[in-house]
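Work through the exercises below with the structure in view. Try each task before reading its solution.

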Amino acid sequence: MAYTNFIAAIDLGTSRMVGVVGTKNAAGALSIIACDTEGSGDAIHRGCVYNIEETARRIRRLISKLENKLEGARIGKVYVGIDGQSLRSIEHNVSKLLGSEGVVTEEVLSSLRNECRKYHSDETVDVLAQESPIYFLDDKPVSNPLGLSGTRIEARYQLIVGRPSLRRNVAQSFERAKVGVAGYAIAPLALADILLSARDKEQGCALIDLGAGTTSLAVYKHGNLINLSVVPLGGDLITKDIESLGLSAQEAERVKLTYGSAISDKADADMSLSSTGSRGTRISLRDLNNVIEAREREILENVCACLARIRMVGSLGAGVTITGGAANLKRLPEMVRDIFKMEVCYPSIRRELMADEEMAVNDSFYAVALGILNTGTENCAIPPKEEPKPEPKPEPEPESKPVVTPDTEPKPEPVPDPKPVEKKKKPREKKSGGLFGGLKEGLNRFTGTLFNENE
């Protein structure tokens, strides 16, 4: 039987597109029923859709792969993640005077939200999302100001902005692919919601997603988003640096994931690697790791500079959490700890968000797509066509019988009289002989009957 109710999500990554289909139970926990990937090729650069037509073709192929696993069900729309190097957060403050005996009501909070939505800086910035604000009542922070009295309230919002083309190109790609968009999610924030616990956000945590084209940083403190930044450097740059050692792009990626280390060791000088390519290039393991270490340190130092700009280095109780496809290098936590001066950990998907642990996808390549899926609420399945029901045949009407009453009885129908049967007359014999002939005939009849025994 085909599925008729599910949520679908797609993560448009620089190296690959990831699609996930799942359902939610009453508690909001996810069950995964299908997942697959499609290479992005040259269609997406640093998290941004670069070639709309090529992106649409690859989206269509990914949708087909997912539908092949849905037992005949079809996907009508999906939730899509927004990412890219222009993505960032900006602080926008809105305040309102309450008067000497003012009270914060729901109308006051609603007016603050409406005022924030009016924000518009210029044509180069598109407001993509609006995070929950931090409230200050008479310059004192309060978690929930509803019902409190004061003279002035201020709401400090984090607006997620990016270039207008960021969302527009994504929308056009899905329109060309003839797939509806159920909603947009900010990919780094959706990832944070599925990996970070409420305690992590309360104590303070920095989530670093090391992707192929970009590296994103989401910082939380006291349960609120403090900053979102994107560094336009990713794991693809490490692969390109390794190519300078004489390897192909495919072989450089394989060597990086198999033997690469974020920190070079002196013992690496005594080891060499042989390429599996046609040229059979041999490289020193130390040369390989020196290249990786130099580029990885550059990426992380740029991320640390974003954290220093908001004065959060060393002040986050839950430390640094690293994830993403480029976070699988050996000794990477050691480098992160050295640069950020905080504890480092690899996350896992929050257990309460998965209905069945055996169905959870723990591969870091699927984490962003699962975060986007977690934001979904609408049914993304195309409803099956209902077959027309056959019209019921009218029942034959019963024959009406004459109603007999005690006073009147039905009269029998008159039987027509039979027609009298006409007897054929015997032709009369021609009389002859005149008078004497008749006498003779009568005499003959008399004498004939005289001797007849039957008479």
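**Exercise 1.** Which strands does helix α8 lie across, and at about what angle does it run to β14?

Solution. The model used here is a predicted one. Start by locating helix α8, which covers residues 285–309. Next, follow the helix over the strands: α8 lies across β13, β14 and β15. Last, compare directions: α8 runs at about 35° to β14.

**Exercise 2.** Find the order of the strands in the open sheet, and name its edge strands.

Solution. The open sheet is formed by 5 strands, in the order β15-β14-β13-β18-β19. Its pairing is mixed. The edge strands are β15 (224–231) and β19 (344–345), each of which pairs on one side only.

Strand β13 spans residues 205–210 and strand β14 spans residues 215–221. The two pair in the antiparallel sense, over 6 bridges. Within this pair, I208 stands opposite L217 in β14.

**Exercise 3.** How many disulfides does the structure hold? Then check C345 as a case.

Solution. The count is 0 disulfides. For C345, look for the nearest cysteine sulfur: it belongs to C205 and is 6.5 Å away. A disulfide needs two cysteine sulfur atoms within 2.5 Å, so C345 is in no disulfide.

How values were computed
Residues are numbered from 1 along each chain as its sequence is written. This is a predicted model: local features need pLDDT of at least 70, side-chain atom pairs count only at pLDDT 80 or more; totals for chains, interfaces and linings use all residues. Side-chain values use heavy atoms; hydrogens and water are left out. Two strands pair if DSSP finds at least two bridges between them. Helices (H or I, at least four residues) and strands (E, at least two) are DSSP runs, numbered from the N terminus. Contact means heavy atoms within 4.5 Å. Axes are lines fitted to C-alpha atoms, for helices over the stretch in contact, and angles run from 0 to 180 degrees between N-to-C directions.
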